[in-house]
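Please look over the structure shown here. The report below covers a few of its features.

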Amino acid sequence: LGCDEIGDDEDSNDKDGGNYYYYYYYDNSYDDQTLKDAIQSCNKYAELFDAVADVLAGLMVAGGYLFSPGFIAEVLVSERSCKLRNVLTVMGCDPLAYWVGHASADLLIFMIPTFIVWVFIWSLQLGNWTKNGGAFFWMMMAFGLEMHSFSYALSYSFKSSASAMASMPVICLGLIILPIIIVLIAVFTDGQINENKDGTDSIGIDEATGIGLILLSLCSPIGTMMASTIQLVIPHWVAKGGSGDDRGMFVIENRAPIWGMGLLSLVKTVLFALLTYWLDTKDYLPLPAAEPYATPADQLAALDDDVRAEHMVVQEEA
């Protein structure tokens with residue numbers, strides 16, 4: 001039974017804080033359990049409609065960071081192109097201290113829009129965003145760390161800051177589109193292969209969605225943000241695993257678990273950070289140890305006796 005099939009007088013709905021509440025007026029021809037099942041069914045559809053809006057909002061939040069890697073890399077490329085990085089090295093700046101300082105400043109700036117997003121989510125009481133123990137907030141932090149380490153490593157691909165600013169958004173967008181194309185090709189190829197084979201299961205929408213989310217998370221930090229947000233805001237009854245009537249429509253909670261995306265993001269962060277440090281220090285040429293200085297014999301002979309004696313004492317102590 002749908003919402004409009006219950007009641008012969010009137011039915012209405014109200015919206016409050018993003019959640020729909022349905023009120024029904026019905027006659028005695030319907031029992032309480034039938035009415036409860038119908039209301040539950042209608043509320044599920046309303047929750048699904050809210051999830052669609054949440055997915056679009058999540059894509060917009062992640063897409064807003066599309067130009068951030070370019071801004072992050074531009075500063076580093078500019079420092080290297082004007083030889084400032086070399087000057088800092090010659091002056092004795094430790095590489096670890098240099099990168100800790102850069103990362104601290106960049107992450108502090110990153111926290112400003114992140115905090116604003118958190119405030120909006122909590123103030124609007126968006127339940128789909130705050131469920132799962134606040135996993136979305138932890139994923140935003142993981143995304144920030146990955147995006148900055150990714151930008152640092154990729155900055156070594158550019159010789160000028162202008163090229164970094166222009167190319168990084170295109171690269172990030174390409175890394176988002178690439179997994180989608182891969183999944184579409186895989187689904188199409190699998191369908192063509194199994195078209196005339198009876199009893200062979202083809203890649204369904206739930207498998208394709210799960211593979212797409214994992215590949216999206218694997219290819220780029222912005223993809224991690226998009227994939228994790230999609231996984232989190234989709235209602236549990238849609239994404240859960242199981243069998244029969246208990247099985248969800250997409251089953252992405254099993255095929256693309258949020259903990260897996262978080263772990264993958266942390267691993268990529270560490271790899272990008274190690275790659276950045278290696279690229280920064282691989283051309284360092286440490287100075288060879290200086291040979292001990294020895295005063296020539298003719299110079300020693302020309303010294304006064306007391307000066308020569310003092311010199312010998314210093315040499316013995318050294």
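## Basis

This is a predicted model.

## Helix 2 and helix 6

Two packed helices are described by the angle between their axes and the distance between the axes. For helix 2 (residues 68–81) and helix 6 (residues 161–193), the axes come within 8 Å and cross at roughly 150 degrees. Angles over 145 degrees count as roughly antiparallel, so helix 2 is roughly antiparallel to helix 6. Their crossing is right-handed.

On the helix 2 side, the contact is made by Pro-69, Gly-70, Phe-71, Ala-73, Glu-74, Val-77 and Ser-78. These meet Ser-161, Ala-164, Met-165, Met-168 and Cys-172 of helix 6. Sorted by class, the contact of the two helices has 8 nonpolar, 3 polar and 1 charged residues.

## The largest nonpolar core

The largest nonpolar core has 43 residues, and the members that touch the most others are Phe-136, Phe-143, Ile-222 and Met-261. At least two core residues come from each of helix 1 (32–63), helix 2, helix 4 (95–123), helix 5 (127–154), helix 6, helix 7 (205–219), helix 8 (221–233) and helix 11 (258–281). Helix 5 gives the largest share, 11 residues.

Neighbours within four places in sequence left aside, Met-261 is in contact with Met-139, Leu-213, Ser-217, Thr-224, Ala-227, Ser-228, Gln-231 and Ala-256.

## Lys-83

Lys-83 lies in the loop between helix 2 and helix 3 (84–90). Although Lys-83 is not a glycine, its phi is positive, at about 65 degrees.

Definitions and conventions:
Residues are numbered from 1 along each chain as its sequence is written. This is a predicted model: local features need pLDDT of at least 70, side-chain atom pairs count only at pLDDT 80 or more; totals for chains, interfaces and linings use all residues. Side-chain values use heavy atoms; hydrogens and water are left out. Axes are lines fitted to C-alpha atoms, for helices over the stretch in contact, and angles run from 0 to 180 degrees between N-to-C directions. Helices (H or I, at least four residues) and strands (E, at least two) are DSSP runs, numbered from the N terminus. Angles under 35 degrees count as roughly parallel, over 145 as roughly antiparallel, 65 to 115 as roughly perpendicular and the rest as oblique. A crossing is left-handed if the near helix is turned anticlockwise from the far one by less than a right angle, and right-handed if clockwise. Contact means heavy atoms within 4.5 Å. Ala, Val, Leu, Ile, Met, Phe, Trp, Tyr, Cys and Pro count as nonpolar, Asp, Glu, Lys and Arg as charged, and the others, Gly among them, as polar. A nonpolar core is a set of buried Ala, Val, Leu, Ile, Met, Phe, Trp, Tyr and Cys residues joined through side-chain atoms within 4.5 Å. Buried means under 20% relative accessible area, exposed over 50%, partly exposed in between (1.4 Å probe, protein chains only).
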